[in-house]
Amino acid sequence: GMEKPNLAPLVSSLGYARVAQLEKDILETPLVDISSTDLRARIAARRSIADQVPASVLRYIERYGLYQS
């Protein structure tokens with residue numbers, strides 16, 4: 001995953017309170033190795049991408065018929 005960035009240098013321009021809030025808002029998340037080219041190819045070949053994207057993304061793609069050809 002990615003480590004949280006050091007926001008201390010921003011204190012002088014944004015102020016301590018704003019930087020403190022930004023630090024609370026940043027989440028550590030795992031890096032996910034997903035190729036958009038692979039996803040589009042899978043969809044075009046009518047293969048599932050359900051295990052590679054969040055359900056909301058899959059619903060959006062299906063709803064609007066993205067990457068079908």
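User: What should I know about the model before we start?
Analyst: It is predicted: local features need pLDDT of at least 70, side-chain atom pairs count only at pLDDT 80 or more, and totals for chains, interfaces and linings use all residues. Residues are numbered from 1 along each chain as its sequence is written, and side-chain values use heavy atoms, with hydrogens and water left out.

User: Why is R42 called buried?
Analyst: Buried means under 20% relative accessible area, exposed means over 50%, and partly exposed lies in between (1.4 Å probe, protein chains only). R42 has 18%, so R42 is buried. R42 is found in helix α3. Helices here are DSSP runs (H or I, at least four residues), numbered from the N terminus.

User: What does R42 touch?
Analyst: Contact means heavy atoms within 4.5 Å. Not counting residues up to four places away in sequence, R42 touches R47, S48, I49 and Q52.

User: Why does Y16 count as exposed?
Analyst: Y16 has 64% relative accessibility, so Y16 is exposed. Y16 lies in helix α2, residues 16-25. Y16 and N6 are ten residues apart in sequence, and their C-alpha atoms are 13 Å apart in space.

User: What makes the phi of R46 worth a remark?
Analyst: R46 has a positive phi of about 60 degrees although it is not a glycine. R46 lies in the loop between α3 (36-44) and α4. Its relative accessibility is 71%, so R46 counts as exposed.

User: Where is Y67, and what is its phi?
Analyst: Y67 is in the segment after α4. Y67 also has a positive phi of about 60 degrees and is not a glycine. At 38% relative accessibility, Y67 counts as partly exposed.

User: Which residues make up the largest nonpolar core?
Analyst: There are six: L39, I43, I49, V53, L58 and I61. α3 and α4 each supply at least two residues of this core. A nonpolar core is a set of buried Ala, Val, Leu, Ile, Met, Phe, Trp, Tyr and Cys residues joined through side-chain atoms within 4.5 Å.

User: What is I49 in contact with?
Analyst: Leaving aside its neighbours within four places in sequence, I49 is in contact with L39, R42, I43, L58 and I61.

User: Why is the pair of Y60 and Y64 called tilted?
Analyst: Rings of Phe, Tyr and Trp (its six-membered ring) pair if their centres lie within 6.5 Å; planes under 30 degrees apart count as stacked, over 60 as edge-to-face and the rest as tilted. By this rule the count comes to one aromatic pair. The ring centres of Y60 and Y64 are 4.7 Å apart and their planes are at 50 degrees, so the pair is tilted.

User: How far apart are Y60 and Y64 along the helix?
Analyst: They are four residues apart in helix α4, so about one helical turn separates Y60 and Y64. Y60 has a relative accessible area of 48%, so Y60 is partly exposed. Y64 has 49%, so Y64 is partly exposed.

User: Which residues line the largest pocket?
Analyst: The lining is I43, R46, R47, S48, I49, A50, L58, I61, E62 and Q68. Helix α4 (residues 55-64) gives the most, with three residues.

How values were computed: 1 Å grid on protein atoms, 1.4 Å probe; cavity = no way out; pocket = protein on both sides within 12 Å on 5 of 7 lines; lining within 4 Å.
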